[in-house]
Amino acid sequence: MDINGKTYKDFKERANRFKHQNGPDKIKKQHDKGKLHARERLALLFDKDTFEELDAFVTSATPDTGFGKIDEAFGDGVVIGYGRIDGRLVYVFSQDFTTMGGSLGAVHAKKIIKVQDLALRVGAPIIGINDSGGARIQEGVASLAGYTSIFHRNVQSSGIIPQISMILGPAAGGAVYSPALTDFVFMAKRTSFMFLTGPNVVKEVLNEDVSFDELGGAEVHAKKSGVANFMYEDEENAILGVKKLLSFFPSNNLENPPYIDTKDKKDKNVDKLRDIVPDDPNKPYDVKKVIELIIDKDTFFEVSEHYAANIVVGFARLEGKSIGIVANQPKVLAGVLDINSSIKGARFVRFCDAFNIPILTLEDVPGFLPGLDQEHNGIIKHGAKLLFAFSEASVPKITVILRKAYGGAFCVMNSKNIGGDYNFAWPTAEIAVMGPEGAVSILYRKELQNADDPKVLRKEFAAKYRNEVANPYIADEKGYIDEVIDPADTRKKLITAFDSLENKHVEPPSRKHGNIPL
Amino acid sequence: MTKIKSILISNRGEIAIRISKTAKGMGIKTFGIKTSKEPSAYYLQFMDEIIDFTELNNDIPEFLDIEHIIYSMKENNIDAVHPGYGYLAENPYFAQKCIDEGIIFIGPSPDSIYKLGNKTIAKQLASSHNIPLLEGSNGNIRNPYHAKQIAKKIGYPVILKAASGGGGRGMRIVEKEEEIEKMFRMAQNEAEKAFSDPSVFMEKYVRNPRHIEFQILSDHHENIIHLGERECSIQRKHQKLIEESPSVALNKDLRKIMGDSAIKIAKVSKYKNAGTVEFLLDESGNFYFMEMNTRIQVEHPVTEMVTGYDLIEWQIRIAQNEKLTIKQEDVKQNGWAIECRINAEDVQASFAPYLGTIEKIQFSNGKNSRFDTGVTEGSNITASFDSMLAKLISYGETREKAIANSLAALNKLYIKGIKTTIPFCKEVLNHPKFQSGDISTSFILNDMKQLYYQEKDEELIAAFWASLNHNIELDDNDKTFIDYEKGKNINPWLMNKRLKSL
């Protein structure tokens, strides 16, 4: 073929038009808003020169409605394709706000569906970068139909390939369902927004003045609603976060997670673990300090850090192998389980289970949060979610009871009889139906009533109860705990235990799916 | 004299701490309010007793909950309440309720608050006592023709303002007669859309005015004095950012005339306690009454530093029915004071509120600087409250020295964990026009090319750290090789089982 001939000329002209359409002025438009352009995000996300774009030249569909003119732009407002992230194949769609406001029309939706199908067929993770004004009104129901096809594929792929959503612009109305269905949601401060009904409609219907940020900004979703698992200062850091997160899980549900040689020795000295739990059982401490000592250095990647801080969940590595951690946080609300923390823990456990990631549970829970608010809002069914998740999970599950493990919460936090493979306890563990204060009020009601100084007597009884009833050795001797261990041995024991469970498999009951309380 | 033995401070942040310090110094017991939004706030550490409002389960913000505040004061037998600024400070209903319940409200009477809070009444009061006012339509404009008439009488340029508007919204400046009718119609439309009220009034427009305000103290024994002026021209969207006392624009004579006008307003409105009269000063030395603020103001420290009086102390003493022992002749302005408001805002992102936690805060209190802070290490900055964290007030014998001391103090002020307006303050104080005193309320808009200060070689140093960091990261990446093969090599026994159960 002649490079100067007509065939090549057409090819080059078209390429020029395309380049012109994605020129520096488009990039500047995004920058002025404090955002990156759709393609800049992909350049940061993917390894150099590995991104292949698909359907770059498709044109928009003709509107059925006859309403309004649509831009003669290539791509219909979204960039799709695949590439390598840290050497692994990943599919992506990145909405382009500078082209028709990134609005979703029939062709735009078709492109997203294309990569969703490919990712599922090949067994590779898919990342969605949302930055869109929403459904393209001119295209009418075709836009809505596009959305629903996308949602259907989110559901069909759920638990088979990891799906990650980044919200780097507006996501309003129905568009928020896709991220909500995916495994993890990333948002950036100030430029990300998610809400079902925007401030304008809120003002019209309820006459309330709310800003975009107040209604659905990154802070709101990271701290209040829990919809966002990760919140970053800016897009660049959010993209780095996505890459870090990916390193913890496999490409699909048949594989095991990738391994990183962290060069952290199995028997490194972690004597400091003995000093973390205070002698006074009512004094709080930071469970993240326990986590940091047990796992490989600097490998803890926390999920939903700002939501339901009374439970800490996240990924980490033990001798290079990826694990998921669920830990009660005594520093917040004394580490009780409540509605939000139960849901946060349950979803995380189920993700780990779907993708063959072993789970480590660190337990120090005095019980469930009491009160009208919790009871009336259904703590019963939400607490049950966490129990269901732990019980159903067939990945290796190990629990270490650090201190309190009372009542129903003891059962829920991956106890032996709901499938814990190994259950360890520290000497500071207190395992009982009820905490000492509560138990003493019931068991010694008469004695306390008739006492001269009930306060002192109560203290005595509580200490007696703690020593004789709640100590971990009773549970150990009865087999509900496998071993009471020296905190300094925790890391070694866990690595050995997880290693032994490498080929664990549990035959799931043959059913379509269970009925987890929702 | 009814000696006050206890005060409820129904406010938060730096002003709550400020009031508490003075009250305690006077031997008065201080009560503070704990809210659910910041149960471990810094100001609570300065209160003798804390009243817990965290259990309150209604929709009213704690500091606006009149019923519970009054109830708490009665429950605890508290003699007086200091409302600070904002919240209920200018709520006549609250002031009245206090009086009805036998509680001393540290501030003016409900009647003064009401009258001076209503711009129309306040202006009528001023005009009927020959205090210069910006000429205006004195009421809403009926139609474009009416607008033209009034504008002709006032003289261009004029400004059209939405009657129900505020905070700088719904204003249009008209320079010539040809534009007035069109602009009037546009102003009405905008007012209707934004405030659901198309009423628009007109005022003479002063170009590049200076915002000059006078601090008033008035007791219950017919003594009224002013403590000099403050200039608050450095404003952005009508929010003050930097204030100073005195003002370069006033000489002795102008100060006397304006001061006397301020006192007059206080007198005819029977104003008691501390208050501030705001004026606009134009480039020709004409001044116009704008409004009176019936409370203690954020920027009161600059007056305190220059006159030597403790305004909060006088507020309490006046409320106790004491006589003002300061005579007008006694009031001297010594030296110069400048206040920089430190807000949790990202200057480079159009002053967007910045939320987060203060990881570290470091400053040096010296004889020439005062740091009134409402936050400390560990404080959480949330969207629930105003973004002002602290005030940095610096003193100097001259304005130049005050500016130099302010810059030195700002350089020593270190706040880690959140972005603040410190770089903005540095840029203003380094600006040649600010340094020469050539400022007005349009300074930020017109004269500032860049809104934040860049240290010498800042970009170069940033680039250096960025490339160093990048190289470290690249090295790290080489070390962390992700082994996917290990994850794909699954024991055949296990793989078999997995496939069978899917």
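Chain A has 20 helices and 18 strands, where helices (H or I, at least four residues) and strands (E, at least two) are DSSP runs numbered from the N terminus. The model is a predicted one, in which local features need pLDDT of at least 70 and side-chain atom pairs count only at pLDDT 80 or more, while totals for chains, interfaces and linings use all residues. Residues are numbered from 1 along each chain as its sequence is written, and chains are lettered from A and ligands numbered from 1 in the order in which they are written. Of the 518 residues in chain A, 47% are buried, that is, have 20 or more other C-beta atoms within 10 Å of their own C-beta atom, placed from the backbone.

In chain B, helix α11 (residues 399–412) has 14 residues, which at 1.5 Å a residue should span 20 Å, in agreement with the 20 Å between its end C-alpha atoms; the expected span is 1.5 Å times one less than the number of residues. The buried residues of α11(B) are B:Ala402, B:Ile403, B:Asn405, B:Ser406, B:Ala409 and B:Leu410. Seen down the axis of α11(B), these buried residues fall within an arc of 165 degrees, so they line one face of the helix, the arc being that of the directions from the helix axis to the C-beta atoms. On the other side of α11(B), B:Glu400 and B:Asn411 are exposed, a term for residues with 12 or fewer such neighbouring C-beta atoms within 10 Å. The buried residues of α11(B) pack against elements of chain B including β14 (336–343), β21 (388–396) and α12 (422–430), contact being defined by C-beta atoms, placed from the backbone, that lie within 7 Å.

How values were computed
Two residues are in contact if their C-beta atoms, placed from the backbone, lie within 7 Å.
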